Amino acid sequence: RSGIPGIKMVRINVLRDCLKAMVTAERLGKRQVITRPCSKVVIKFLAIMQKNGYIGDFEVIDDHRGGKICIELIGRLNKAGVISPRFDATHVELENWQSRLLPSRLFGHVVLTTSQGIMDHHEAMSKQVGGKILGFFF
């Protein structure tokens, strides 16, 4: 709640709120976390995290408001973050972004949105496409 009556706070970045809730719950040792609202970008980001084994299953709950996502945590997520503003990166520059954002070349993923959909940096380098950087996780 804001201090001024009659004015409601709005969510600026739904993806940041979701990732922050996941990292906080992971540090507290929780087994699952419920975030809201959900969006297509958050669902695609979570699908990439699930494909790489950083989270368990997640379920989208439609409550006819903004929707909720129930995410199972498996204890593997150390840090996840959003890059704002969404910087452009060509497939040549992805190696540089990887070294800036991730602690090692051996693990972690940079997620970007391209003309071919949302994917991690390994897939973007193999397809030789660039795009805008959404965030990272390791």
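**Close-up 1. Strands β2 and β3 of this predicted model pair in the antiparallel sense.** Five bridges join β2, residues 55-61, to β3, residues 68-73.

**Close-up 2. Ile71 is among the residues with the most contacts inside the largest nonpolar core.** Leaving aside neighbours within four places in sequence, Ile71 is in contact with Cys18, Met22, Arg31, Gln32, Val33, Thr35, Leu46, Ile55, Asp57 and Phe58.

**Close-up 3. The largest nonpolar core has 24 residues.** Met22, Leu46, Met49, Ile71 and Phe137 are those with the most contacts inside this core. At least two residues each are supplied by α1 (14-27), α2 (40-51), β2, β3, β4 (80-82) and β8. Helix α1 gives the largest share, six residues. Another core, of 14 residues, lies apart from this one and includes Ala89, Leu102, Met119 and Val129. In soluble globular proteins, nonpolar side chains tend to be buried together.

**Close-up 4. Helix α3, residues 94-101, has buried residues at Leu94, Trp97, Gln98 and Leu101.** These four lie on the same side of α3, because they cover an arc of only 105° around the axis. An α-helix has 3.6 residues a turn, so residues three or four places apart point the same way. Ser99 and Arg100, on the other side of α3, are exposed. The cover over the buried residues of α3 includes β5 (88-89), β6 (109-114), α4 (121-127) and β8 (131-137).

Conventions
Residues numbered from 1 in each chain as written. Predicted model: local features only at pLDDT ≥ 70, side-chain atom pairs only at ≥ 80, totals over all residues. Heavy atoms only, no water. Buried < 20%, exposed > 50% of the residue type's maximum accessible area, 1.4 Å probe, protein only. Arc of directions from axis to C-beta. Contact = heavy atoms within 4.5 Å. Pairing = 2+ DSSP bridges. Core = buried A, V, L, I, M, F, W, Y, C linked by side-chain atoms within 4.5 Å.
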